[in-house]
Amino acid sequence: MARMYPNPIDPDTKSNAERRLYAAFRDSLDDTWAVFHSVAWQGLGRDGRPRDGEADFVIAHPTQGILVIEVKGGRVQWEPDYNQWQSVATSGQVYSIKNPFAQALDSKYALLRQLKAMTRENEFINLGHAVAFPDIPVSEPSLGP
């Protein structure tokens, strides 16, 4: 069982998608993995100004590396004509959402900047980013390329 932080999940977590992913990580990964849920961070934006951010999950392994994951629930879709991401709830309500890939990428680079500041110069850090859409099939055609 993975080492989970916090453990148990914060009872105020509203996202069922995040709750399901938390349980999947907990039950599927062994204890060499550390899983951090709802990681808040502060860093500098591309413009050099301070900003706050949050990663839904950061999972880490001593030899495999680190993965930053953004989670979006509901029926996620992308409207290419407007470059707009949306999530459709089971009620049919449509919500505009931030680009999940951009969110994961921003969190990854914020974490990388912090880790680079703490490690030796030129030390390689195996760090990636991903998105998770637990409520839709992988073959969903409305996600674009």
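This report covers the backbone, the nonpolar cores and the salt bridges of a predicted model.

Most peptide bonds are trans, and most residues other than glycine have a negative phi.

The peptide bond from Tyr5 to Pro6 is cis, with omega near -5 degrees. The bond joining Asn7 and Pro8 is also cis, and its omega is about 5 degrees.

Two residues carry a positive phi without being glycine. Ser38 has a phi near 55 degrees. Ser38 belongs to strand S2 (residues 34-44). Its relative accessibility is 40%, so Ser38 counts as partly exposed. Asn83 has a phi of about 50 degrees. Asn83 lies in the loop between strand S5 (75-79) and strand S6 (84-88). With 53% relative accessibility, Asn83 counts as exposed, because the cut-off for exposed is over 50%.

## Nonpolar cores

The largest nonpolar core has 15 residues. Leu21, Phe25, Val35, Phe57, Ile69 and Val71 have the most contacts inside it. H1 gives the most, with 4 residues.

Look at Phe25. Leaving aside residues up to four places away in sequence, Phe25 touches Ala2, Met4, Val35, Phe57, Ile59 and Ile69. Another core, of 6 residues, lies apart from the largest one. Ala55, Val58, Val68 and Leu115 are among its members.

## Salt bridges

The whole structure holds 3 salt bridges. One joins Asp135 and Arg20, with the closest N and O atoms 2.0 Å apart. This pair links distant parts of the chain, 115 residues apart. Asp135 is in the segment after strand S8 (127-132), and Arg20 is in helix H1. Asp135 counts as partly exposed at 38% relative accessibility. Arg20 counts as partly exposed at 39%.

Arg26 and Asp27 meet through their side chains in a salt bridge, at 2.8 Å from N to O. Arg26 is partly exposed, with a relative accessible area of 27%. Asp27 counts as exposed at 53% relative accessibility. Lys72 forms a salt bridge with Glu70, and their closest N and O atoms are 3.3 Å apart. Both Lys72 and Glu70 are buried.

How values were computed:
Residues numbered from 1 in each chain as written. Predicted model: local features only at pLDDT ≥ 70, side-chain atom pairs only at ≥ 80, totals over all residues. Heavy atoms only, no water. Buried < 20%, exposed > 50% of the residue type's maximum accessible area, 1.4 Å probe, protein only. Core = buried A, V, L, I, M, F, W, Y, C linked by side-chain atoms within 4.5 Å. Contact = heavy atoms within 4.5 Å. Salt bridge = Lys/Arg side-chain N within 4 Å of Asp/Glu carboxyl O.
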